[in-house]
Amino acid sequence: MNLVSAPDDALMRSHRVLPAGKLSDFGLIPRPLSLWKDIVQEIRRFSEAIDKTTDTRPFLENVEKRLTFLGQRMIIRDAGEDEYEAILLGLNEFGGLRIRRGNQETVLYSANVFPV
């Protein structure tokens, strides 16, 4: 996570990598320790909420609506396969990415995913 500075695009490792951003671009300049404290508190809050219920769907719906490329075309590079295009549909009940490739819906648990 870049707080104040970020590497130039030319220094990133692949043509498919999103440009690096930094929180200061959004007017946020947190101190590293306070940022990590806030992150840990949010994770703890979500974890405690999940522990109190057997229904994880509300949590997954909360995460799903924050997926950056939800509903958009993506390039998928799965281990052992060529790249292919698919649409990001959301999350399944186990947290896998639901995608539509052509007319078929499938779930990814491990792959490289890039915006088109």
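Two residues are in contact here when heavy atoms of theirs lie within 4.5 Å. Leaving aside residues up to four places away in sequence, I50 touches T56 and F59. Now look back along the chain to F26, which is 24 residues away from I50 in sequence: the two C-alpha atoms are separated by 30 Å. As for cover, I50 has a relative accessibility of 26%, so it counts as partly exposed, since buried would need a value under 20%.

Before going further, keep in mind that this is a predicted model. Mean pLDDT for the chain comes out at 85, with 94% of the residues at 70 or more. Among the elements, β3 has the highest mean pLDDT, 96, while α2 has the lowest, 84.

Let's zoom out to the whole chain. There are two helices and five strands, and going along the sequence they follow the pattern α-α-β-β-β-β-β. The radius of gyration is 17 Å, well over the 13 Å that the globule rule gives for 116 residues, so the chain is more spread out than a compact globule. Taken along the principal axes, the box filled by the C-alpha atoms is roughly 45 × 45 × 25 Å. Of the 116 residues, 16% count as buried. The chain exposes about 8,900 Å², and carbon and sulfur atoms supply 52% of that area. If you take the contacts with a separation of 6 or more, residues 24 or more positions apart account for 35% of them.

Next comes helix α2, residues 57–64. Which of its residues are buried? They are L60, N62 and E64. The buried residues of α2 pack against α1, β2 and β3, which makes this helix a handy link to the strands.

So, on to the strands themselves. Strand β1 (residues 73–77) and strand β2 (residues 84–91) run antiparallel and are joined by four bridges. To find your place in this pair, look for I76, which stands opposite Y84 in β2. The hairpin of β1 and β2 has six residues between the strands, and in it G80 takes a positive phi near 80°.

Strand β2 also pairs with strand β3 (residues 97–101), again in the antiparallel sense and over four bridges. Here the residues to look for are L88 and, opposite it in β3, I99. Five residues lie between the strands in the hairpin of β2 and β3, where G95 has a positive phi near 90°.

That leaves the charged side chains. Side chains of opposite charge can pair when their charged atoms come close. How many salt bridges does the structure hold? It holds eight. One of them is between K22 and D25, with the closest N and O atoms 3.3 Å apart. K22 has a relative accessible area of 24%, so it is partly exposed.

E61 pairs with R57, and their closest N and O atoms are 3.7 Å apart. Both residues belong to α2 and sit four residues apart, about one turn of the helix.

R98 has a relative accessibility of 22%, so it counts as partly exposed. E105 is also partly exposed, with a relative accessible area of 48%.

These last two pairs belong together. Which residues are linked in a network of salt bridges? The network takes in R57, E61, E64, R98 and E105. One of its members, E64, is also among the buried residues of α2.

Definitions and conventions: Residues are numbered from 1 along each chain as its sequence is written. Side-chain values use heavy atoms; hydrogens and water are left out. A salt bridge is a side-chain nitrogen of Lys or Arg within 4 Å of a carboxyl oxygen of Asp or Glu. Buried means under 20% relative accessible area, exposed over 50%, partly exposed in between (1.4 Å probe, protein chains only). Two strands pair if DSSP finds at least two bridges between them. pLDDT is the predictor's confidence in each residue, from 0 to 100. The radius of gyration is taken over C-alpha atoms; the globule rule is 2.2 Å times the number of residues to the power 0.38. Accessible areas come from the Shrake-Rupley method with a 1.4 Å probe; for residues, only the protein chains shown count as cover.
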